[in-house]
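Hi everyone, thanks for coming. Let's take a look at a structure together, and I'll talk you through a few parts of it.

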Amino acid sequence: MIIIEGLVKRFAGRTAVAGLSLKIAKGETFGLLGPNGAGKTTTIRVLTMLTRATAGRIQIAGLTLPDSERQIKAIIGVVPQFFNLDSDLTAWENLELHGRLHHLPAPERRRRIAELLSFVELAERGGDRVNTFSGGMKRRLMIARALLHRPQVLFLDEPTVGLDPQVRRRLWDFIRRLNGEGLTVLLTTHYIEEAENLCSRVAILDQGRLIAMDSPAALCQGLGRFVVEWPDGEATNFRFFPERSAAAGFAATLTVNATIRLSGLEDVFVELTGRKVAE
Ligand SMILES: Nc1ncnc2c1ncn2[C@@H]1O[C@H](COP(=O)(O)OP(=O)(O)OP(=O)(O)O)[C@@H](O)[C@H]1O
């Protein structure tokens with residue numbers, strides 16, 4: 001559904017994306033994961049035509065950028081990182097505006113708005129101004145807006161940034177439901193838990209480069225599913241093991257208290273870069 005080959009994006013001497021290649025299949029929920037400045041937002045901005053690539057080839061649903069910009073715009077939905085709703089308008093009016101921009105005929109527009117407000121559990125708030133909404137409600141409305149014209153691909157840039165954990169989980173449920181209906185989803189996140197919960201595959205980016213790509217489980221498996229952690233002065237030492245019994249055997253040989261836990265994407269990132277995905 002999405003093919004990226006050799007994508008490069010430079011800003012006045014700074015390389016934000018340094019030759020990224022990846023393929024995303026129809027129906028996948030794919031995550032771009034990495035710390036601040038890794039190039040995630042820039043990649044999404046190029047794919048959603050908010051900025052032009054310096055080099056590289058991009059195809060979405062068989063259409064090529066930049067030749068088929070208009071056709072691609074018609075089949076993608078975009079939820080940007082920052083709120084860009086019209087706060088003085090009601091939820092319904094915001095969706096109405098978007099429906100008109102996409103030339104949805106009035107009866108279908110109305111039907112679709114009602115359907116989507118109900119999908120994101122805002123049916124009762126359709127007539128309220130957006131400036132009375134919480135962060136989570138605004139984000140849900142932005143998702144509804146992105147879906148109005150029935151896109152084939154949904155781009156979500158940091159969909160839950162700044163939201164509290166409970167609201168985040170609720171949004172994850174929505175995203176999972178969409179994916180269950182066959183939508184292809186590309187999201188960026190620097191929340192490891194988000195990637196582990198939602199994504200069939202992730203690409204880990206660091207300084208504009210792809211440093212690993214696979215399913216979260218396979219990436220963790222590659223390291224060893226179990227981690228033994230033990231204190232070492234100021235620092236924490238750790239070692240990976242494929243089996244719990246081997247991890248327990250090793251922990252028993254240590255003279256200090258050790259913990260055994262499952263490995264996660266954070267461990268993959270630390271192993272590959274020597275750094276953490278800072279929050
Ligand atoms: N418009 C711009 N002009 C100049 N430099 C930019 C611009 N946009 C991004 N960059 C730079 O490109 C690099 C990648 O930024 P990008 O926003 O894509 O990272 P990110 O992984 O999405 O991080 P974040 O989670 O902080 O948005 C950074 O070094 C950033 O400073």
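Predicted model: local features only at pLDDT ≥ 70, side-chain atom pairs only at ≥ 80, totals over all residues.

The protein chain has 279 residues, and 37% of them count as buried. It contains 10 helices and 13 strands. If you draw a box around the C-alpha atoms along the principal axes, that box comes to roughly 70 × 45 × 35 Å. Now think about contacts in the chain with a separation of 6 or more: 68% of them join residues 24 or more positions apart.

Next, the ligand. Which residues surround the ligand? They are Phe11, Arg14, Ala16, Gly34, Asn36, Gly37, Ala38, Gly39, Lys40, Thr41, Thr42 and His190. Two elements give two or more residues to this shell, namely strand E2, residues 14–24, and helix H1, residues 40–47. Helix H1 gives the most, with 3 residues. Sorted by class, the shell holds 7 polar, 3 nonpolar and 2 charged residues.

Let's move on to helix H8, which covers residues 216–223. Which of its residues are buried? The answer is Pro216, Leu219 and Cys220. Around the helix axis they span an arc of only 95°, so they sit on the same side of H8. And what do they pack against? Their partners are helix H7 at 192–198, strand E9 at 201–206, strand E10 at 209–214 and helix H10 at 265–273. Just after H8 comes Gly224, with a positive phi of about 120°.

That list of partners takes us to helix H10. Here the buried residues are Leu265, Val268 and Phe269. The elements covering them include strand E3, residues 29–33, along with H7, E9, E10 and H8. Just after H10, Gly274 takes a positive phi of about 75°.

Notes
Residues numbered from 1 in each chain as written. Buried ≥ 20, exposed ≤ 12 C-beta atoms within 10 Å, placed from the backbone. Helix = DSSP H or I, 4+ residues; strand = E, 2+ residues; numbered from the N terminus. Arc of directions from axis to C-beta. Contact = placed C-beta atoms within 7 Å. Near = placed C-beta within 6 Å. Nonpolar A, V, L, I, M, F, W, Y, C, P; charged D, E, K, R; others polar.
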